[in-house]
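This report describes a single protein chain for a reader who is new to structures. Please keep the sequence and the 3D view open while reading.

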Amino acid sequence: MAFVVIATWKARPGEEQRIKEIIATMTPLSRAEPGNLHYQAQVSTQDPRTFLLYEQYVDAGAYDTHKATAHFHEHVVGHAVPFLESREVATYETI
């Protein structure tokens with residue numbers, strides 16, 4: 001069963017493009033991880049500051065590995081988080 005992550009990011013006003021670029025950088029890097037099954041980002045049609053990241057991993061350990069990668073720390077922690085108004089992460093297991 002897959003381990004699913006739903007992350008909702010809300011960019012600070014005026015930072016939407018920066019966040020889009022960070023997501024565009026992270027997408028192929030995350031998809032290339034051995035434990036990644038799916039990684040797709042969306043932007044809200046009602047609020048261009050709100051992004052939804054849908055991720056699937058083989059298990060919770062693969063998600064932990066994702067969060068420990070250099071690219072996660074550089075791009076998400078270092079470049080995205082300072083420009084987010086909010087960031088929520090929920091995890092699920094497929095049934």
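## Terms and basis

A residue is called buried when its relative accessible area is under 20%, exposed when it is over 50%, and partly exposed in between (1.4 Å probe, protein chains only). Helices (H or I, at least four residues) and strands (E, at least two) are DSSP runs, numbered from the N terminus. Contact means heavy atoms within 4.5 Å.

This is a predicted model, in which local features need pLDDT of at least 70 and side-chain atom pairs count only at pLDDT 80 or more, while totals for chains, interfaces and linings use all residues. Residues are numbered from 1 along each chain as its sequence is written, and side-chain values use heavy atoms, with hydrogens and water left out.

## The whole chain

The chain holds 3 helices and 4 strands. Read from the N terminus, these elements follow the order β-α-β-β-α-α-β. The radius of gyration is 13 Å, close to the 12 Å that the globule rule gives for 95 residues, so the chain is as compact as a globular protein of that length. Here the radius is taken over C-alpha atoms, and the globule rule is 2.2 Å times the number of residues to the power 0.38.

Along the principal axes, the C-alpha atoms fill a box of roughly 40 × 30 × 20 Å. Of the 95 residues, 37% are buried. Among contacts between residues at least 6 apart in sequence, 72% join residues at least 24 apart.

## Helix 2

Which residues of helix 2 are buried? They are Ala62, Tyr63 and His66. Seen down the axis of helix 2, these buried residues fall within an arc of 100 degrees, so they line one face of the helix. The arc is that of the directions from the helix axis to the C-beta atoms. On the face turned away from the buried side are the exposed residues Thr65 and Ala68.

The buried residues of helix 2 pack against strand 1 (3-11), helix 1 (16-31), strand 2 (36-43), strand 3 (50-57), helix 3 and strand 4 (84-93). Asp59 caps the N-terminal end of helix 2, with a side-chain oxygen 3.2 Å from the backbone nitrogen of Gly61.

## Where helix 2 meets helix 3

The axes of helix 2 (residues 60-68) and helix 3 (residues 70-80) come within 5 Å and cross at roughly 65 degrees. Such axes are lines fitted to C-alpha atoms, for helices over the stretch in contact, and angles run from 0 to 180 degrees between N-to-C directions. Helix 2 contributes His66, Lys67 and Ala68 to the contact, and helix 3 contributes Ala70, Phe72 and His73.

His73 lies in helix 3 and is partly exposed, with a relative accessible area of 43%. Not counting residues up to four places away in sequence, His73 touches Lys67, Ala68 and Gly78. The side chain of His73 reaches the backbone oxygen of Lys67 at 3.0 Å. This is a polar contact, a pair of N or O atoms within 3.5 Å; within protein, one must be able to donate a hydrogen and the other to accept it, and residues adjacent in sequence count only if both atoms are side-chain atoms.

## The buried side of helix 3

In helix 3, the buried residues are His71, Phe72, His75, Val76 and Ala80. Viewed down the axis of helix 3, they fall within an arc of 100 degrees, so they line one face of the helix. What covers them includes strand 1, helix 1, helix 2 and strand 4.

His75 has 14% relative accessibility and so counts as buried. Leaving out residues up to four places away in sequence, His75 touches Ile22, Thr25, Met26, Leu29 and Ala80.

Beyond residues up to four places away in sequence, Ser30 touches Asn36, Tyr39, His66 and His71. Lys20 is also in helix 1, and it is partly exposed, with a relative accessible area of 40%.

Pro82 is found in the loop between helix 3 and strand 4. Pro82 is partly exposed, with a relative accessible area of 35%. Apart from neighbours within four places in sequence, Pro82 is in contact with Arg12 and Val77. Pro82 and Ala11 are 71 residues apart along the chain, and their C-alpha atoms are separated by 9.4 Å.
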